[in-house]
Amino acid sequence: MQRIINFIIRNQSFLLFLLLFLLSVFFTIQSHSYHKSKFINSANFLSGGIYDGANSISQYFGLRKENEVLIEENNRLKSIMFNSETNGSETTSIDTISYDTKYRLTSAAVIKNSYSLTTNMLLIDKGVNDGLKEDLGVITSKGIIGIIENLSGNYSSVISILNSNSRINAQLKKSDHFGTLEWNTESPVFVQLVDMPKIAPVSVGDTIITGGRSTIFPKGIPIGKVTDFKLDLAEDFYTIQVELFNDMTNIGHVFVIENLDTEEIMNLLENDE
Amino acid sequence: MNNSITINGIRFIVLVLLQVVILNKINFLGYINPYLYILFIILYPIKNNRTLFIFLSFLIGLTIDMFSDSGGVHAAASVTIAFIRPAILKSTFGAMYDHQTVKFASADFASNLSYISITAIIHHVILFSLEVFNISKVILILQKSLFSSIFTIILCILTMIIFSNRK
């Protein structure tokens, strides 16, 4: 016993190093596994507050660009609104305050963004107090951004689609063939759509949208366009290079999208099993 | 003694803030970022309580990890260079280290440069190996470590020259 204690005292710095090193490797492995609650994340009072302060200064530099995006979106929405009014015979107005909406949108500002790592995360300035939950989709007017991972009272961290752990269901706009959206960590402009069946009519320039196969994103949110595609090693599936519509290096405001039927769908799926 | 605690405390906070608010957003050529916070480990007093030093290095790495959502990669890299720092110091400063008289500000440039370079390169290789976490992307790891190390080394040397209080 005496010898063991002596050994520990003699090698205390090495043992401490070993302990702390293994602890950090454990945190690292945990951060690489999808969907586990993490101890170390930026969705907390301290880092959220500091990023909030820094962002309140840096957001002034992007105001012009932000305005252009808003005008563009307004234009698009107005054109939809006016066009639907002209052929108004199909729209019936219901006099009620409880519309049967399927999705709820919450707007939020991005206060931290990264795109140079292999596991990129964003931080947004809304959290549990604003009604957000885990696993909600995050989008902009141009396309998808990612999925909420960790939350605190006023902040949440978002797994970017530029994250090697991210897997999102996506499909072609012109047909219903679907695959999985991944990122090979090489460029923040391109993501890869894998497991797209060989039979799918892919061609360069096609639009890729989200598929409705998960409850996170509604079907039909734009993602990007096909710039290149080739068969994988087994020659059964295409690997498609997708150029994102969003400029992931410059994101100001986002929307968090919540499917209000998630619980119902999940219950149904559980009953099936 | 008290003075040293204050200086290192301020250095800890300033370097962390500088790193997370400014330096993590540089992304030179898309992916090259300097990691200046290792200057805290580099400049920590030579005569120290080793256990406390290793723990503080772990803490600064973990703080950076918390801000950048990177799991524990900075903590692992920092704690490693803190642990092997005596060996690096011994190989670069030689006899000066044996007599415990190393003063970074007054030491000659060559020893300083090799000390900082070795520390930064070891730190970055561990950092990016854990961050990429994929042995098949070894080229990417080496590429990232090399370019970021160059950036970090230049910035560390510049910071030391600017803030050295040599008359």
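A:Glu243 is partly exposed, because its relative accessibility is 26%. This residue belongs to a predicted model. The side chain of A:Glu243 forms a salt bridge with that of A:Lys225, at an N to O distance of 3.9 Å. A:Glu243 lies in strand β11 (residues 237-244) and A:Lys225 in strand β10 (residues 222-231) of chain A, so the pair links parts that are 18 residues apart in sequence. A:Lys225 likewise counts as partly exposed, at 35% relative accessibility.

Over all chains, the count of salt bridges is eight. Another of them pairs A:Arg104 with A:Glu258 at 2.6 Å, N to O. Here strand β1 (residues 103-112) supplies A:Arg104 and strand β12 (residues 253-259) supplies A:Glu258, so the contact ties together parts of chain A that are 154 residues apart in sequence. A:Arg104 is partly exposed at 40% relative accessibility, whereas A:Glu258 is buried at 7%. Through shared partners, A:Arg104, A:Lys133 and A:Glu258 are joined into one network of salt bridges.

A further salt bridge, between B:Asp69 and A:Lys112, has an N to O distance of 3.2 Å. B:Asp69 is in the loop between α3 and α4 of chain B and A:Lys112 is in strand β1 of chain A, so this pair joins two chains. Both partners are buried: B:Asp69 has a relative accessibility of 6%, and A:Lys112 one of 5%.

A:Thr185 is located in the loop between β7 (178-182) and β8 (190-197) of chain A, and is buried at 11% relative accessibility.

Key:
Residues are numbered from 1 along each chain as its sequence is written. Chains are lettered from A and ligands numbered from 1 in the order in which they are written. This is a predicted model: local features need pLDDT of at least 70, side-chain atom pairs count only at pLDDT 80 or more; totals for chains, interfaces and linings use all residues. Side-chain values use heavy atoms; hydrogens and water are left out. Helices (H or I, at least four residues) and strands (E, at least two) are DSSP runs, numbered from the N terminus. Buried means under 20% relative accessible area, exposed over 50%, partly exposed in between (1.4 Å probe, protein chains only). A salt bridge is a side-chain nitrogen of Lys or Arg within 4 Å of a carboxyl oxygen of Asp or Glu.
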